[in-house]
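Work through the exercises below with the sequence and the model open. Each task is followed by a solution in steps.

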Amino acid sequence: MSWVKPSCWNTSLLMVVLPLFLLSPLFSFRLVRCDADHFGSAFKIMEEFSGYPVGEPDALLSLSVGTDDLLKQIDELAAFSDTPAPSVTRVIYTDKDVAARRYVKNLMKGAGLSVREDAVGNIFGRWVGSEPDLPAVATGSHMDAIPYSGKYDGVVGVLGAIEAINVLRRYGFKPKRSLEIVLFTSEEPTRFGISCLGSRLLAGSEELLKSLKSTVDAQNISFLDAARYAGYAQDQDDISSVVLKKGTYASFVELHIEQGPILEEEGTSIGIVTAIAAPASIKVDFEGGGGHAGAVLMPNRNDAGLAAAELALAVEKHVLESGSIDTVGTVGILDLHPGAINSIPSKAHLEIDTRDIDEGRRNEVIKKIHQSAFRIANNRGVKLSEFKIVNQDPPALSDESIIRAMEIASTELNLSRKLMISRAYHDSLFMARISPMGMIFIPCYKGYSHKPEEYSSMEDIANGVKAYYLA
């Protein structure tokens, strides 16, 4: 462990950083062990801010994470799946989802947390602090999984948060501010085409509140009926009660696998997220003439499928023309109607995902995609029946004080770290509208995610949990 001179900890730094992290004994970790008066005085300050006797800093740094229990929980949660192992499929409000929620709530209760749920199924587990009227410090993630995905995405940030609280309890920690774990409903857009549904609602999306009253899934089951099936949305279909006021939390920190290869390739233990890229989703529909694949001659065709294919290539072209590696675009859905080998497609539906850390640059790409859709429709004699921007969210910046806290935590744990952006978006993107936000990344095998090969070692998960509870 390295110790720095007391002069590094001046009054101004304490006044800026400590009020945001009253719960954490971080700043006691770098005090110089020389002058007993300085040492005792600094500990006294920490105890006043934290509301509990901090004891020796070495004790907290030496605490071990319960990796065996955590591994068992990850495996047990993965068993709540609609597809066989090693894949995981867990879709919002299904029987497997409801069973998995029950499992996590029991873990929260076992950690001594008081548990509540809101009208859409966001689950909150709170460790009540000695001053419960203060805004709590929040953490958490999601556990829903797209079809045939892996068992670490989101789950590490939920089960890891519960274990972090267990570690603090074993240490004898007594928080001044309450600590709250949030299990977000439906971070993935699998069933209703809406990503980060729970956190969007918590952040007060009026547009989403209105649209959910008429939203249906692919089987024409309404969102409200599905929610009621799972035991939610019981109060006369009023889901506006889920909205949280800005300032509800003092801060929000999320632990997550990187879902990219950078940390593993560089041999870096911890990624500290500085910003989350701005996502946007687009739905496009073309309508053509259709007809028999053998009878309609090529010059006479109005093929909606070819229009969709041409637009998919245009998406790639416009993204590459941006000149930035941070600009990405994906045609993730392309459906043709009637979907028969001997029938010319009369309808085509595309869903396009675009992202960038620069909101203006992303919007320019969307503009060009829209222009191309019109041009392609005109050239091919088909109708552009819909071009709808489903969501167009701004990027979110991590709070500087939280970044600093995570830097200090990784330093004291002797973990290498890297400042990085998140190109994938997370519930933290929307929690940033409620409170200061930050994210911790851990390495994952080859950057794999949203597939059964998704994997993070228990060593990396344990490192993440340690950095988590220190930050």
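**Exercise 1.** Find the sense in which E4 and strand E7 pair, and the number of bridges.

Solution. Strand E4 covers residues 136-142 and E7 covers residues 249-257. The two pair in the parallel sense over four bridges; strands pair if DSSP finds at least two bridges between them. Strands are DSSP runs (E, at least two residues) and helices are runs of H or I with at least four, numbered from the N terminus. Within E7, valine 253 is the bridge partner of threonine 139.

This is a predicted model, where local features need pLDDT of at least 70 and side-chain atom pairs count only at pLDDT 80 or more, while totals for chains, interfaces and linings use all residues. Residues are numbered from 1 along each chain as its sequence is written, and side-chain values use heavy atoms, without hydrogens and water.

**Exercise 2.** Which strand is joined to E4 by six bridges?

Solution. The strand is E6, which runs parallel to E4. Leucine 183 in E6 is the bridge partner of serine 141.

**Exercise 3.** Are the residues of strand E4 buried or exposed?

Solution. Buried means under 20% relative accessible area, exposed over 50%, and partly exposed in between (1.4 Å probe, protein chains only). Ala136, Ala138, Gly140 and His142 point one way, Val137, Thr139 and Ser141 the other way, and all are buried. Because seven of the seven residues are buried, E4 is largely enclosed by the rest of the structure.

**Exercise 4.** List the contacts of isoleucine 461, leaving aside neighbours within four places in sequence.

Solution. Contact means heavy atoms within 4.5 Å. The partners of isoleucine 461 are Leu70, Ile74, Tyr152, Val156, Ile442 and Ser456.
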